[in-house]
Amino acid sequence: MPAKKKNKSAAIVRPWKKFFGVSCTHAEHINKRSFDKALEFKKDFKPDYTFHLGDFLDTTAFRSGALGTSDGMASPELDLECGMFHITQLEPNLILCGNHEQRLWRFINSPNAIVADYSMNLIGRIKKQAKSLNAELVEYKGIWEGRMLGSALLTHGSIFNVNAARDMAEMYGGGDVKQVVFGHTHTVGIGMARHQQPSMGINIGCMTDQRNMDYAANRRQTLAWTNAFIYGEYCKNDFKHHLEIVDNERPPVLKAVGQ
């Protein structure tokens with residue numbers, strides 16, 4: 001008798017796509033050299049999906065306690081102009097708002113009508129720019145804000161400590177969420193959740209010129225801020241990432257004198 005033919009199982013092919021993302025560019029406080037390197041990489045990589053995880057503005061004049069200080073004199077117009085220019089350069093599919101953009105939404109309810117109306121005007125211009133780029137704009141909602149990409153939750157971040165990557169993984173991970181990708185703390189890091197459903201927190205750092213951010217000048221943790229971006233591939237239920245640290249050299253603190 002002739003040998004029975006073995007049934008050939010159909011090959012399972014997952015349609016992988018490429019992604020690219022940054023976070024925390026902070027408008028005029030951006031590190032232009034780092035951002036240019038990231039854009040150059042994106043041009044060569046040709047991702048299918050690009051995202052910004054928030055804090056594309058700095059909203060310096062809107063921070064609590066800015067009134068009566070030099071921060072209160074910072075131009076909201078320059079802030080918006082710079083932030084929107086960098087977003088346009090990035091050409092993202094997804095724009096998350098961070099806690100710095102959220103200041104504008106908070107001031108909508110200001111008892112000062114001029115401040116409230118101006119905040120509404122700035123928000124309207126952000127929405128118009130996002131629409132012109134055909135990008136989804138997501139308002140910052142703290143712990144409630146985020147979008148899924150494959151098995152990863154993309155969010156700005158709401159935890160600010162040295163264990164933020166681990167704590168973000170524990171707060172959101174489990175089930176379909178195997179990775180939690182965020183910025184917020186400006187510090188590249190990976191942390192695993194301490195529970196039985198494996199999940200990973202991935203902090204993708206920032207794109208800032210740390211030396212020009214006065215409010216962080218006296219914080220030791222600022223020395224851990226890292227200019228970086230994330231890229232990789234994703235499919236319906238998976239997410240493979242790489243973190244790229246770019247141009248993170250800083251001028252020396254100590255300089256020789258008398259020479």
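# Close-up views of a predicted model

F229 is a buried residue, its relative accessible area being 2%. Here, buried stands for under 20% relative accessible area, exposed for over 50% and partly exposed for anything in between, using a 1.4 Å probe and protein chains only. Please keep in mind that this is a predicted model, in which local features need pLDDT of at least 70 and side-chain atom pairs count only at pLDDT 80 or more, while totals for chains, interfaces and linings use all residues. Residues are numbered from 1 along each chain as its sequence is written, and side-chain values use heavy atoms, leaving out hydrogens and water.

**View 1. The chain as a whole.** Before zooming in, here is the overall setting. Of its 259 residues, 47% count as buried. Consider the contacts (heavy atoms within 4.5 Å) between residues at least 6 apart in sequence: 68% of them join residues at least 24 apart.

View 2. The structure holds 12 aromatic pairs. Rings of Phe, Tyr and Trp (its six-membered ring) pair when their centres lie within 6.5 Å, and the planes count as stacked under 30 degrees apart, edge-to-face over 60 and tilted for the rest. One of the pairs is F19 with Y234, a tilted arrangement with 6.4 Å from centre to centre and 55° between the planes. Because F19 belongs to strand β1 (residues 17–22) and Y234 to strand β10 (residues 228–235), this pair ties together parts 215 residues apart in sequence. Both F19 and Y234 are buried. F20 and F229 also form a tilted pair, with 5.2 Å between centres and 40° between planes. F20 sits in β1 and F229 in β10, so here the parts tied together are 209 residues apart in sequence. F20 is buried at 0% relative accessibility. Ring pairs also link F19, Y49, F51, Y234 and F239 into a cluster.

**View 3. Helix α1 against helix α2.** Helix α1 (residues 32–45) packs with helix α2 (residues 76–90) at an angle of about 25°, their axes being 10 Å apart. That makes the two helices roughly parallel. For reference, axes are lines fitted to C-alpha atoms, for helices over the stretch in contact, and angles run from 0 to 180 degrees between N-to-C directions. Angles under 35 degrees count as roughly parallel, over 145 as roughly antiparallel, 65 to 115 as roughly perpendicular and the rest as oblique. From α1, look for F35, L39 and K42, which meet H86, Q89 and L90 of α2. The residues of this contact divide into 3 nonpolar, 2 polar and 1 charged. In this scheme Ala, Val, Leu, Ile, Met, Phe, Trp, Tyr, Cys and Pro are nonpolar, Asp, Glu, Lys and Arg are charged, and the others, Gly among them, are polar.

**View 4. C24 and the cysteine sulfurs.** A search of the whole structure finds 0 disulfides, a disulfide being a pair of cysteine sulfur atoms within 2.5 Å. C24 is in none, and its nearest cysteine sulfur, that of C206, is 6.5 Å away. The loop between β1 and α1 is where to find C24, a buried residue with a relative accessible area of 0%. Its phi is near 55°, a positive value in a residue other than glycine. Most residues other than glycine have a negative phi. C235 is buried as well, with a relative accessible area of 5%.

**View 5. H186 and its surroundings.** H186 is located in the loop between β7 (179–182) and β8 (189–192), and at 2% relative accessibility this histidine is buried. Setting aside residues up to four places away in sequence, H186 touches C24, H26, N203, G205, C206, T208, Y215, A224, W225 and T226.

View 6. I143 is in the loop between β4 (136–138) and β5 (147–149) and is partly exposed, at 39% relative accessibility. From I143 to I159 is 16 residues in sequence and 8.9 Å in space, C-alpha to C-alpha. N134, in the loop between α4 (113–132) and β4, is exposed, with a relative accessible area of 68%. The phi of N134 is near 60°, a positive value in a residue other than glycine.

How values were computed: Helix = DSSP H or I, 4+ residues; strand = E, 2+ residues; numbered from the N terminus.
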